[in-house]
Amino acid sequence: MSKDYDVCVIGSGAGAGPVISELAKAGKSVLVLEKGPWLSEEDFFKDEMACCRRSTYTPNLEDEQHVIEEQSNNGNWVSEATSESGWDFWNGNVVGGASNFMSGYFYRLKPADFRLRSEFGDIKGANIADWPISYEDMEPYYAKAETEIGISGQVVAHKHQEPRSTKNFPFPPTSEHPIVKNIDKACDALNLTSLPTPRAVLSRPHNGRNSCEYSGYCGSYGCHSGAKGSSRAALLDNAVATGNCEVRDNSKVYKLKTNAQGKVVEALYFDVNGKPQTATAKQFVVACHAIETSRLLLSSTGPKHPNGLGNNYQQLGKNLLFSAGGSGTGEFHYSKMDQLTASAMKTRGPFVNRGLQDWYFFDDKAFGGKAKGGVIDFLLRHPNPISKASSAKYNDDDNLNWGQPLKHDLKTVFTGSQDLRFEVFNDWLPTDNCFVSLDNNVKDKWGSAVAKVRVGYHEHDLKVGAFLADKAETVLQQMGADNIRSSVSGSPPVNLVAGGCRFGDNIKTSVLDADCKVHDVDNLYVTDGSFMPTGGSVPYTWTIYANSFRVADIIKKRG
Amino acid sequence: MNKQYSKLPGINRRQFIQAIAAFSASWPIAGIANIESLGISHTETYKNLSDPWLTIASVQEHLFPAGDSTDAASPGAEDIAALRFLQNMLEAPDTESEEKTFILNGVNWLNDLSLKNHQKKFIQLNTANKENILRQIETSNAGYRWLSLMMGYLIEALLSDPVYGGNKDQQGWKWLEHIPGFPTPTIDKVYFKLGAHASPRRRIKA
């Protein structure tokens with residue numbers, strides 16, 4: 001590899017896209033090494049087999065997997081390879097990463113999320129830390145993401161609204177499902193503020209991308225119209241068009257090589273044919289998903305970093321975050337509606353753009369006063385029919401359901417009701433029981449140790465989740481839903497991961513500095529969700545995009 | 001935003017391997033079944049079928065029969081082309097050969113048990129005896145896995161895009177009043193021709 005690039009970026013998802021496009025636009029030569037293939041709008045269909053039934057956008061677990069450590073009932077940590085359990089921790093291993101398949105619920109963090117420890121104090125057993133930067137430092141980049149990614153929404157004043165430098169979103173909200181009126185009415189009656197959910201989906205054409213076609217299948221699906229603000233559609237295509245950016249897909253980086261001074265000199269990777277290759281650059285940026293970023297840095301031992309890059313104080317891979325909370329459902333039976341209402345409720349396409357932030361912060365005796373809560377989002381049950389039908393696969397005795405009883409149940413599941421779901425997002429507290437290490441017994445198809453992930457949670461997370469789920473249920477009750485139920489657990493949602501390389505001012509307690517540069521490596525940045533010391537109580541993607549725009553400015557200034 | 005806690009619930013590879021191991025004992029191969037005795041209509045779909053497919057078709061018809069109490073016209077396994085779908089999927093490049101072998105070996109097991117209990121092959125049994133024998137194999141780990149796989153493929157045949165060979169004339173979608181999303185997949189962009197399964201395209205800009 002003769003060419004020496006200004007910047008080599010490992011990964012191409014939400015954490016990578018802003019750095020790639022900003023630096024390419026600024027005239028830097030940028031090389032992107034992405035493990036997955038390059039798919040585009042022409043490859044994305046509303047095909048449940050492709051999106052959700054088979055591993056189309058993620059590796060075969062025999063080839064690449066994780067080892068997951070869970071706590072058994074007797075308190076021991078028990079590990080199991082995912083090729084054995086079938087518990088798939090991959091999200092989207094393609095150009096643009098998992099942002100291709102997100103639902104695009106976009107929330108900013110709030111100022112207090114940047115100083116959770118100062119605001120709410122320590123919680124025993126949790127490693128809560130303030131961020132080394134403030135909301136004010138991040139705000140311009142949240143705003144930038146709104147226009148660059150294309151975020152649709154409507155600002156509504158409420159008691160926990162975060163400050164904004166612009167008055168409103170650059171794109172009006174996406175179309176709304178008729179059930180939204182019922183949600184609003186119920187919230188009014190309960191004196192709650194029903195908030196329009198900002199969404200990274202274009203409500204009108206922008207920058208060569210079409211607006212949403214409202215097929216009703218968004219989350220888990222690649223976007224055919226280009227409306228979804230994936231890193232690929234919103235950023236990479238433009239970066240490549242500058243002529244300064246080269247994307248090598250099917251290129252799996254397995255080690256960053258450092259010299260005697262501890263500087264990264266080469267990225268070592270396997271190409272599509274499994275042949276080892278090298279890439280050289282002045283600066284290196286890693287953004288290949290929180291778990292895989294920690295894995296790559298742990299694997300990248302060198303003369304100055306015998307335990308991996310950024311791991312001279314045993315901080316690397318620690319304080320991994322998922323998203324705490326849970327979900328619930330209420331049913332609205334068509335038999336109880338007049339025909340017109342039923343037909344409106346059956347509408348497929350527009351979004352249920354509603355959420356509640358009334359309890360983002362709250363005061364409650366059971367929590368010892370002032371406490372951190374989270375967000376409640378409403379959504380329709382996913383329309384995926386095979387997944388929906390699979391819920392009828394078992395009868396009440398847990399035997400397989402077949403024949404006439406199955407057909408009866410299928411008819412009920414599909415034609416009996418519209419089901420409104422809610423999801424609760426609250427902080428997954430960082431603890432010593434949630435971290436990434438290397439499993440030297442299990443290798444991927446290239447022979448590298450896979451990531452071992454311990455997925456312990458803090459009991460406090462369940463308490464907050466249950467508090468919020470109860471509140472969400474009151475809305476469904478007010479709406480007159482039947483069969484309302486919810487569940488909150490410590491099971492980690494595999495599509496909401498952050499942390500592992502927390503940023504901070506002290507090398508002894510963090511991996512990255514405030515600029516997201518590895519403390520003791522002069523030319524290595526991490527720009528995916530790994531940097532977050534605490535996750536806030538919203539999906540991470542907007543913050544990941546914003547932070548990557550922020551770091552892009554920092555790298556630009558280095559010249 | 002659809003928090004994903006797991007994918008493909010129900011398919012646990014370790015249980016699957018255990019189930020296969022349970023089949024490692026060789027079961028006597030039952031004689032070739034006769035189409036005339038298939039307890040279902042003698043239609044084009046099943047003409048010229050021989051085992052293992054004949055028995056599999058009969059199992060599918062039993063698990064997913066046409067008609068129901070409220071709708072005599074509701075589709076059954078034949079209407080949704082469940083057999084063709086299963087055959088297509090077993091030939092798909094990502095389907096593990098172990099799974100195919102497991103499904104086909106299950107036919108021998110089923111017929112062996114049927115001969116032992118009733119001195120008849122599965123397809124020759126009346127509906128009540130078919131039900132009994134399937135509920136009997138459901139109680140074993142391997143039998144449960146086999147039936148669970150058959151059910152999984154049936155549900156996929158009912159509701160996947162017709163491009164995969166099932167859901168003939170969208171009968172599954174129509175019956176359940178399901179509104180599909182658009183665009184629907186084309187034959188050259190089915191899942192096993194995309195992503196991890198496809199030969200990579202090079203779109204490098206130097």
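Biologist: How many helices and how many strands are there in chain B?

Modeller: This is a predicted model, in which local features need pLDDT of at least 70 and side-chain atom pairs count only at pLDDT 80 or more, while totals for chains, interfaces and linings use all residues. Residues are numbered from 1 along each chain as its sequence is written, chains are lettered from A and ligands numbered from 1 in the order in which they are written. Helices (H or I, at least four residues) and strands (E, at least two) are DSSP runs, numbered from the N terminus. Read along the sequence, chain B gives α-α-α-α-α-α-α, and the count is seven helices and zero strands.

Biologist: What share of the residues of chain B is buried?

Modeller: A residue is buried if 20 or more other C-beta atoms, placed from the backbone, lie within 10 Å of its own, exposed if 12 or fewer, and partly exposed in between. Chain B has 206 residues, and the buried share of these is 39%.

Biologist: Which helices of chain B do the buried residues of H3(B) pack against?

Modeller: Helix H3 of chain B spans residues 82-91, and its buried residues are Ala82(B), Leu83(B), Phe85(B), Leu86(B) and Met89(B). Seen down the helix axis, they fall within an arc of 160 degrees, so they line one face of H3(B); the arc is that of the directions from the axis to the C-beta atoms. An α-helix has 3.6 residues a turn, so residues three or four places apart point the same way. The partners of the buried residues of H3(B) in chain B are H2 and H6.

Biologist: Where does the cis peptide bond with omega near 0 degrees lie?

Modeller: The bond from Asp51(B) to Pro52(B) is cis with omega near 10 degrees, and Pro52(B) belongs to the loop between helix H1 (13-22) and helix H2 (53-63) of chain B. Pro183(B) is in the segment after helix H7 (171-175) of chain B. The bond with omega near 0 degrees runs from Phe182(B) to Pro183(B).

Biologist: Is Glu177(B), with its positive phi, buried or exposed?

Modeller: Phi of Glu177(B) is near 55 degrees, in a residue other than glycine. Glu177(B) sits in the segment after H7 of chain B. Because 10 other C-beta atoms lie within 10 Å, Glu177(B) is exposed.

Biologist: Which strand holds Asn483(A)?

Modeller: Asn483(A) has phi near 55 degrees, a positive value in a residue other than glycine. With 12 C-beta neighbours inside 10 Å, Asn483(A) counts as exposed. Its place is in chain A, residues 482-488, strand S19.

Biologist: What is the radius of gyration of chain A?

Modeller: Chain A comes to 13 helices and 21 strands, and its C-alpha atoms fill a box of roughly 75 × 55 × 50 Å along the principal axes. The globule rule (2.2 Å times the number of residues to the power 0.38) goes with a radius of gyration taken over C-alpha atoms. For 559 residues the rule gives 24 Å, so chain A is as compact as a globular protein of that length, with a radius of gyration of 23 Å.

Biologist: How many C-beta neighbours does Val526(A) have inside 10 Å?

Modeller: Val526(A) is in strand S21 (residues 524-526) of chain A. Two residues are in contact if their C-beta atoms, placed from the backbone, lie within 7 Å. Leaving aside residues up to four places away in sequence, Val526(A) touches residues including Val286(A), Cys501(A), Leu512(A) and Phe531(A). Val526(A) counts as buried, and the number of neighbours is 31.

Biologist: Which element gives the largest share of the side of chain A that touches chain B?

Modeller: The contact takes 69 residues from chain A and 53 residues from chain B. Elements giving two or more residues to the chain A side include helix H2 (48-53), strand S6 (245-248) and helix H11 (403-415). The largest share, eight residues, comes from H11(A).
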